[in-house]
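Please look over the sequence and the model below before reading on. The paragraphs that follow go through charged pairs and some backbone details.

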Amino acid sequence: MTDEITPLHNFDDGSLDAAFSALAEEVRSTDKQDPEAFRLHWLGRKQGRLKLISEAWLKSAPPEGKKALGIRFNQLKQQIEAALEAPASTKASAAVQGIDITLPGTLRAPGIPHPLLKTMHEIVSVFHHLGYSTNLGPQVESDFYNFEALNFPENHPARDTQDTLVIANQQSRPSRDRLLMRTHTSPVQIRTMIAQAPPIRIVIPGKVHRNDAADATHSPIFHQIEGLCVDTNITFSDLKGTLDHAMKALFGSDVKTRFFPSFFPFTEPSADVQISCIFCGGKGCRKCKHSGWIELLGCGMVDPAVFAAVTAERRKIDPADDAYNPEKITGFAFGMGVERIAMMLHGVSDIGHFYSGDMRFLEQFA
């Protein structure tokens with residue numbers, strides 16, 4: 001690099017571009033460790049190179065070349081000023097800020113799945129290994145999918161057990177089209193059967209809403225996993241074998257299952273499923289109320305009334321559709337609460353801990 005200014009003899013665009021490109025490269029290569037020396041070298045009032053260039057080139061430029069020369073001159077000045085504003089180097093900047101760049105960087109711990117999501121994935125994985133696929137659906141549902149198609153007639157007392165939160169200003173709609181927050185993931189079963197002919201084997205994880213008061217074991221918002229299997233020659237024995245395998249996969253091979261008659265509007269016959277207490281091995285303790293058994297989920301064979309509702313919807317597209325004729329096909333369904341299983345697996349006594357956002361609680365699962 002030299003302070004000598006080479007005279008310009010040609011002021012056409014090509015010559016100007018070449019001359020100022022060389023100066024721009026000179027700016028980039030100039031040592032910037034000392035910003036003040038760099039500023040004086042280029043912008044000094046008496047002997048700065050920018051002043052010398054102006055005197056040597058602008059004065060000798062013909063009138064028609066002064067405009068193009070001035071534009072390039074201003075661009076060069078802006079480049080010099082930008083170089084002054086930028087840090088001289090990473091090392092110099094770090095030194096000014098008092099940072100030792102030889103130290104290792106800050107270690108950021110990777111995130112982990114929420115314990116509810118982790119439990120949900122574990123349950124779904126068990127059924128994936130049995131050949132089930134996962135289906136999802138909206139949390140805001142119509143009355144038809146959430147109740148009517150599942151054999152909950154309008155104003156029937158069975159709806160009281162699933163009191164839910166309704167969307168405002170729905171009174172003008174037909175009752176079947178009124179929107180609400182779904183109370184279970186069962187509507188996805190109806191949506192799947194309407195869209196797809198048998199065979200069907202699906203699990204449906206998701207968030208549901210009910211108008212429940214919050215306490216240690218209840219929450220107005222919680223998560224469910226439901227399953228549906230529809231095919232020819234599906235029996236209650238298939239249901240029992242499926243759930244027995246799933247419970248052993250989740251809680252250990254020593255776990256036993258037993259079924260008690262129950263009632264659900266959308267299954268017939270219906271049953272509650274209990275597992276032998278995983279805390280006392282079935283001997284009886286406080287957590288199983290000294291019975292040796294813990295009630296965990298509900299299940300049953302799909303009620304023919306549900307198949308009839310699905311058939312009615314499918315026949316709106318194809319009047320001859322007979323895919324869900326209960327004389328030809330059968331199926332079973334089951335459903336379980338994710339929070340209840342997570343509380344058992346991790347020894348959590350209050351469901352509210354899962355929603356509190358308290359890092360002291362969540363970090364235990366890292």
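In which helix is Asp143 found? Asp143 is found in helix 7. The model in which this is seen is a predicted one. Is Asp143 buried or exposed? The relative accessible area of Asp143 is 10%, so this residue counts as buried. Leaving aside neighbours within four places in sequence, Asp143 is in contact with Glu148, Arg159, Ser175, Arg176, Arg178 and Leu180.

Side chains of opposite charge can pair when their charged atoms come close. How many salt bridges does a search of the whole structure find? The search finds 11.

Arg176 forms one of these salt bridges with Glu313, at 3.3 Å from N to O. Arg176 lies in the loop between helix 7 (143–146) and strand 3 (179–181), while Glu313 belongs to helix 10 (residues 304–314), so the pair ties together parts that are 137 residues apart in sequence. Arg176 has a relative accessible area of 26% and is therefore partly exposed. Glu313, with 14% relative accessibility, counts as buried because the cut-off for that class is under 20%.

A second salt bridge joins the side chains of Asp244 and Lys248, with 3.1 Å from N to O. Why are Asp244 and Lys248 separated by about one helical turn? They are four residues apart in helix 9 (residues 236–251), and this spacing is why about one turn lies between them. Asp244 is partly exposed, at 21% relative accessibility. Lys248 is also partly exposed, with a relative accessible area of 28%.

Arg314 and Asp321 form another salt bridge, in which the closest N and O atoms are 2.9 Å apart. Are these two residues buried or exposed? Asp321 is buried at 11% relative accessibility, and Arg314 is buried with a relative accessible area of 12%.

The backbone is the next topic. Most residues other than glycine have a negative phi, and most peptide bonds are trans. Which peptide bond is cis with omega near 5°? It is the bond from Pro198 to Pro199. Pro199 lies in the loop between helix 8 (187–195) and strand 4 (200–209). The peptide bond from Glu268 to Pro269 is cis as well, with omega near 0°. Pro269 is located in strand 7 (residues 267–276).

Asn151 is not a glycine, yet its phi is positive, at about 70°. This residue lies in the loop between helix 7 and strand 3, the loop that also holds Arg176. Asn151 counts as partly exposed, with 27% relative accessibility.

Where is His290 found? His290 is in the loop between strand 7 and strand 8 (293–302). Its phi is near 60°, a positive value in a residue other than glycine. His290 has a relative accessibility of 62%, and it counts as exposed because the cut-off for that class is over 50%.

Definitions and conventions
Residues are numbered from 1 along each chain as its sequence is written. This is a predicted model: local features need pLDDT of at least 70, side-chain atom pairs count only at pLDDT 80 or more; totals for chains, interfaces and linings use all residues. Side-chain values use heavy atoms; hydrogens and water are left out. A salt bridge is a side-chain nitrogen of Lys or Arg within 4 Å of a carboxyl oxygen of Asp or Glu. Helices (H or I, at least four residues) and strands (E, at least two) are DSSP runs, numbered from the N terminus. Buried means under 20% relative accessible area, exposed over 50%, partly exposed in between (1.4 Å probe, protein chains only). Contact means heavy atoms within 4.5 Å.
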